[in-house]
Amino acid sequence: MLKFWRLSALIILVLSPLFNWGQELDTTAYKARIRELYFNGMELDQEGKSVEALDTFLLYLDYRKKIYGEKHYLLGSPYLMIGIAYKNLGQLDMAMENYRMAEKFYLLREPSSIALARLYRNIGNVYRAKLDYTNALNYFERALNIFLSQSPIDPIDVADANYAIAEIYYVMNDFDKSIQILSENITKGDKLNQIYYNELLAITYQKLEDNAEALFHYEKSLSLAKEYYEPTAIDLAIVYMRYAEFLLSIGHFEECFKDLEKAKKILNEVQPFRGKELSMYYEITGRIYQEVTIESQNIKRFKAQKKENLIKAIDYYTKGLNALSSSKNEIKTPSIRIEDCLSFIDCLALLKQIGDAFYDLALIDKVERSEFYKTNLINALDYYQSTSRMTQQARREISSDESKIKLAELAYSTFSKTIETAYLAFEITGEQEYVELAFNNSEQLKSSAVFDKLSNDLAQENSLIPDSLLQYEKKLNGIISVYNQKIFEENNTENIDSVLIQDYEKKIFDASRERDELNRLLEVEYPDYYDLKYSNSMFSISDIQKKMKKDDVIFEYVFINSEADQKGNILNSELFTFMIGKNKSIFHKSSISPEIENSLDNFYNFMSTPNYIFTTNTESKQFCVSSHKLYKLLIAPFENELQNKNLLIIPDGKLNYISFDGLLQSLPDTSEMINFSHLDYLIKDYNLNYANSANILFKSTINSKNISNSTLAFAPEYQSETFELSDASYTLLPLPGVQKEVDAIAKSIKTKIFRGKNATEENFRKYCDQYDILHLAMHAYINDSLPAFSRLAFTPESNKESLSEDGWLNTTDIYNLELNARLAVLSACNTGIGRLKKGEGMMSLARGFLYAGCPAVVMSLWEVEDESGTEIMSTFYSNLKKGKTKDEALRLAKLEYLENSNSRMAHPHYWMSFRCIGDNSSIYTSYDVYFFALLILLILAFTIDQTIRIQKVRHNKK
């Protein structure tokens, strides 16, 4: 009956203007009706009745148009309210469409109004919901700057904006920054702000495992909420549930249930069937059943109770999922889409939790391997795959590399859990589809953002997008990169200029907004580009086998931390290996004990230590033992498949840091002094190449442009200049060896050299797209906290006016280059090292060149010793000139160095640092090809000559 009344009322509201058709518009009555609709819509929205609120705001817009026409700044408000209603319904695209309309009308009046700032805060919320944290932060900071520019300043608006910014830093795991913002502003807002601030502080301290601080802020938030809200307010229910989550995390299950029941009483009154808050209640209840400790010494009773609890947990999680449905229908898991959910991130979490619960159910019967075990493994995989599909859909709507990396981190646990579960399913069924599923998820764990860039580049190359639009996109990316760097540099000065930073942030904001508009234009106006960009076509194992050479074998590794103590210390890990040959593939699992972890650390530290000159024989023996253990783990299980093969290594986790060259196939006599020249290294029998992922390697297109110029080399000269980077002081010490290095290269290959004062960033940018090989022999500095600002040091340029040419080339600068080179050689220190990011791998300078379109990179894993580096590089280029593949050219250069070195100079530190990653094809034609071509010509000439002679003899006989 109530629904019929609301429908009738809406029909009357829509048709009422028609009753006055032909009569003069009653402006006063219309304005009164507008106010009524606005407040009715706000009330419905606060009650969680988003559908009714949306209908009311649509009428609100219609009435305003009737009074003010189609192009009046006062239309901004109804479009904003419509956008909020769509946001609450989970329809993010419709929300953004209406927010953009609101922005258009607000800008008609004033570019820095409070209304515009509040709109930007709402746009930031949409980006936040889409997990595009970079854009969200840009909009929140722009809103804050506008609020701060008002006179007088509204402290409530400022507090709201600061909360939104702090919350973004929280979800980006920058907890210190979040706490700093919250602590500085907690007393500046009203009581409502203090509720939110205390709650977020509590959640953040909970993440940091500071339970005392977390408890203090949870209790403070709850106390303020009881004073501020009505007893039946849904916001009070949320506070109860947040507190219940904390009690659950510290094992206080009974108290948790009590607070949940208080929340449920409120929800029963205001949101009994659907909504994010109801879903939250079901999710927490499900976690209680999944995590509650079972007190029983009897294994049979323990298993029965555990099964019962997990089945209840799955039931509650499923109810929570259906409570998030944006329609009245239940969510269909296999075909679930972002637009089906009121909250994408909550939906994603519930899908993963249901999958985890089915996985835990399966493990109860792992020993028996019953049908129950198999069925629940398959159920778990179904939910993990749904989670993965939604994640991939979200990636399509994110434009910034930083946000893609953050999303990859969020998705990491799903991908890794899928691999674990797929292995168990393969183990019990033997079906290849589970190997393919595991491999697909392994590929998604590796350099996702690089793969997205590759897909985008291929889509642009094969669609009809005008060059002018592509150049405009490049320009916008450049602006964003330059001003991000400027903010980074200003924040590292002693006296920070906050006004200057605000100006830089405004430029980034404007460029980011224009880039998003351009992306939407490209996807709407050029459907072929859209289809190619989002094709989601990942190569399977069989696809890769078709593209492989018969002499190649791929090793793709996945490191998964499977067990940790309460403090997060890893107790045990698992290593999954995909060995892929031309006609055979193997899926293998090994357990990684703490002892093996120690061997990994010892192996890397021994090779990379700056104290290599003082290595003792005891340390050398330990290196040999660790190296051989790693060989038995990583290579030995497959050695029967490796005869006369070239090895392509796709590492994961800590394996990114080690050189497989140094794995020892057999142990030396450790009772004698270790002679590094004579050890049984893996490199002595195999070519070794590396890749970020198989899909990136085989989908990369080798530049077909005919570039006549061969090598572009840079060798700066430093005069012990000092600089600051991340609160530390560094000195650009002279590198005399690099001048010899580029001269030696020039003897083998036609080379254009920029040295000394000419080895500038400006010259690099000017010529880098005109050469086949780029060789950079210079200092490099790695910024682990902010990998985007790791940098290569060209000759310092003083008084340089250009913001983009300051003598430093950082990772984000490299991303925005358009390279035509087939090889980049980064003959600098640590160019292949960087912070490991889950779902992305090593955030190194080398990754930047791969991202910029260079299909192959030679880089270093640690600080390169000057003389040995020069010797290896000159031999490497000589081998390239002879037509050797890149990996073979590097291998032969290392072996030649090893053969000509005494035991001390054969220490792994001197020669193992360089690694070849990406396409390993030859750059030059082998001399053997010319020889055989000449030989064939000689044979043909000889054959023709003999044929002519025989014919003459026969002719004369006649």
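Modeller: Axes here are lines fitted to C-alpha atoms, for helices over the stretch in contact, and angles run from 0 to 180 degrees between N-to-C directions. Keep in mind that this is a predicted model.

Biologist: What describes two packed helices?

Modeller: Two packed helices are described by the angle between their axes and the distance between the axes. Take helix 7 (residues 133–148) and helix 22 (residues 498–525). Their axes come within 10 Å. They cross at roughly 130 degrees.

Biologist: Is the crossing of helix 7 and helix 22 left-handed or right-handed?

Modeller: Helix 7 passes helix 22 in a left-handed crossing.

Biologist: Which residues in helix 7 meet helix 22?

Modeller: Helix 7 brings N135, N138, Y139, E141, R142 and N145. Facing them in helix 22 are Q502, E505, K506, I508, F509, S512, R513 and D516. Sorted by class, this contact of helix 7 with helix 22 holds three nonpolar, five polar and six charged residues.

Biologist: How many bridges join strand 12 to strand 13?

Modeller: Three bridges link strand 12 (residues 791–793) to strand 13, and the two run antiparallel. For a residue pair to find on screen, take L792, which stands opposite L809 in strand 13.

Conventions. Residues numbered from 1 in each chain as written. Predicted model: local features only at pLDDT ≥ 70, side-chain atom pairs only at ≥ 80, totals over all residues. Heavy atoms only, no water. Helix = DSSP H or I, 4+ residues; strand = E, 2+ residues; numbered from the N terminus. Left-handed = near helix turned anticlockwise from the far one by under 90°. Contact = heavy atoms within 4.5 Å. Nonpolar A, V, L, I, M, F, W, Y, C, P; charged D, E, K, R; others polar. Pairing = 2+ DSSP bridges.
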